[in-house]
Amino acid sequence: MWKIVARRITIMIPQILLLSIFVFLLAKAMPGDALSGLIDPNIDPKAIAEKRIQLGLNKPWYEQYWDWITSALQGDLGQSFRFKMPVTELVGERMANTFWLSLATLVFTYLIAIPLGIISGRYNDTLADRMITGYTYIGFAAPLFIFALVMLWVFGFHFGWFPTGGSVEPGSTPGTAAYIASKLYHLLLPALSMALITTVTTVQMLRNEIIDTKFKDFIVTARAKGASESRIYNRHVLRNSLLPIAAFFGYELTGLIGGTVFIESIFSYPGMGQLFLSSISLRDFSVVTALVLLYGVASILGSLLSDLILGIVDPRIRIK
Amino acid sequence: MGDKNLSGWRIVLKEIVRDKMALLSLILIVAITAFVYLTSLLLDQSQIVRVNLFELNKPPSSEFWLGTDQGGRDVFGQLIIGTRNSLTIAILVTSLSGLIGIAIGLISGYFGGMVDNFFMRIVDFFMILPTLMIVIAFVTTVPKYGIMSFTLIMTAFLWMGKARLIRSKALQERELDYVKASRTSGSSHLKIMLVQVLPNLSSIIIVSMTLNLAANIGLESGLSFLGFGFPESTPSLGTLVSYARNPQVLESRWWIWVPASVLILVLMLSINNVGQALRRAADARQRLG
């Protein structure tokens, strides 16, 4: 197992390096530079030129890249001209919100997927299975943003059961029980809206796995030995059917990245995705660059995680 | 019994006719597409996107079938033109990214070895990029952008899945005897790839392109919804839905965003349905009978 971990991490290093070069060049291609936001029309152009030299903006791109990547590794991602604060500080706040949103979504995804998948797979071709399959069919085709809008409309505005924006009640003090409760309350609708759509692939996968597994020889053997139906399903079938679900976990994480951008924008939830969209509209490019880099690293880590989980649950991969 | 001798298209047709949902979906898609492209010939885009201050936020009436938006623009006209634009871009992106994916997949699968390794490392790299953010960043970076540059940006980040799929199938094909036989009898690599291997992959290509078409309609409308698709002067289905980001529109002016949302859903569901029927037709084990 350690060999796999080591090999997998060695693959990751050039990936991150390439990603950072790509992001850097993308940032260079964007109009304006770190100074254009700070510049006041009254400043004399000579001073600007001096400042440019001071910041190293006249150096060749690879030297600039080196400066950028070394300071990024030390946690310095530049200044946001819009908020007049270091990008690292700004992103840190938002990252926590997006983390909670993603975690809640994952919890809901599996809370929905596992029971539905089991019912649908165990009792396939019954009415319940047909209804669940119908739901996965529609959920697969429905775009997330439309579904989330409808959820916001129905449960946020029409019934008024949930807050329609923000991540916490304004004015509550951090650390109190009321604060935590309010945070959870604000998470509920966005996370549920995303989970109801993202869960359908997992439901479909679990259903197919269970149907495949339940006709295998070892199940016939278990039944012949006289094991009860519930024991067969809970112990023998489920254990084998959950393997691919576990392996899919890392991809699920990567999928969340795109989803949170839509969800945060619709529910005005102050996370990384919302910061990304507003920064790009206001041309706050140092924030944009930092976020693209972070999202890229997150998706690399997601694929690392899915490979590692696959190695843990499936011994055949370890041996190779 | 005679099933085995049916030609490919007859099987497809039979499968679709058997599956009532797929048949209905196909009819819907053809009807919507024909209606939208024909009606949009009669509509003047610049006329529809012109702001009209006397007709703000009117509910549906006999004059404006689906009312007007906050700029006094006719929603029905925007819906027709928006559907046309969304469909056009989805078709362009699907075919272009399909073409690139097929070419790269075929080359790396057919030759294997070093060539395969080279292309697959590029694919691996593109796969880890946070596509949505990078597309958005590109859209804001490109100075003058219209349908063509939008298509190119989307295509640049959407060809990898197809390349992987085709490569894995081409790797299997190249081991088969017919390829070796053809090579021994002196056919060029190009001829084997295009005339002999490609037709054997056609069913997979058609199925995956159909499913991609649905996904691309969703992606384009999603980007327009976030405000990074077409400019406002070129409405798309996503643009109409994006007006619902204003709570007032979401709550009390359903005629602006609901029709476009339903249309996106209907289009994506129908195209998916047809895609699933095609998949069953391509895979004998899954055919309905």
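A:Asp125 is located in the loop that joins α4 (87–122) to α5 of chain A, where helices (H or I, at least four residues) and strands (E, at least two) are DSSP runs numbered from the N terminus. The model is predicted, and local features need pLDDT of at least 70, side-chain atom pairs count only at pLDDT 80 or more, and totals for chains, interfaces and linings use all residues. Residues are numbered from 1 along each chain as its sequence is written, and chains are lettered from A and ligands numbered from 1 in the order in which they are written.

The phi angle of A:Asp125 is near 70°, a positive value in a residue other than glycine. Most residues other than glycine have a negative phi. A:Asp125 is exposed, with 10 other C-beta atoms within 10 Å; a residue is exposed if 12 or fewer other C-beta atoms, placed from the backbone, lie within 10 Å of its own, buried if 20 or more do, and partly exposed in between. A positive phi, near 40°, is also found at A:Ser268, in the loop between α9 and α10 of chain A. A:Ser268 has 16 C-beta neighbours inside 10 Å and counts as partly exposed.

The axes of α9(A) and α10(A) come within 7 Å and cross at roughly 80°; axes are lines fitted to C-alpha atoms, for helices over the stretch in contact, with angles from 0 to 180 degrees between N-to-C directions. The two helices α9(A) and α10(A) are therefore roughly perpendicular, a label for angles of 65 to 115 degrees (under 35 is roughly parallel, over 145 roughly antiparallel, the rest oblique). On α9(A), the contact is formed by A:Thr260, A:Val261, A:Glu264 and A:Ser265, and on α10(A) by A:Gly273, A:Gln274, A:Phe276 and A:Leu277. Contact requires C-beta atoms, placed from the backbone, within 7 Å.

Chain A is assigned domain 1 (2–87) and domain 2 (92–313), with bounds from an automatic or database domain assignment. Their centres, taken over C-alpha atoms, are separated by 33 Å. The contact takes 21 residues from domain 1 and 18 residues from domain 2 of chain A. On the domain 1 side, α1(A) gives the most, with 11 residues.

The largest nonpolar core has 130 residues, and A:Ala148 and A:Leu291 have the most contacts inside it. Such a core is a set of buried Ala, Val, Leu, Ile, Met, Phe, Trp, Tyr and Cys residues joined through C-beta atoms within 7 Å. Helix α10 (residues 189–226) of chain B gives the most to this core, with 14 residues. Domain 1 and domain 2 of chain A both give residues to this core, so the core lies between them. Not counting residues up to four places away in sequence, A:Ala148 touches A:Ser193, A:Phe262, A:Ile263 and A:Ile266.

Between the chains, 33 residues of chain A are in contact with 28 residues of chain B. On the chain A side, α11(A) gives the most, with 8 residues. This side has 26 nonpolar, 7 polar and no charged residues, with Ala, Val, Leu, Ile, Met, Phe, Trp, Tyr, Cys and Pro counted as nonpolar, Asp, Glu, Lys and Arg as charged, and the others, Gly among them, as polar.

Chain B has 13 helices and 0 strands. Of its 289 residues, 43% are buried.

Definitions and conventions
Two residues are in contact if their C-beta atoms, placed from the backbone, lie within 7 Å.
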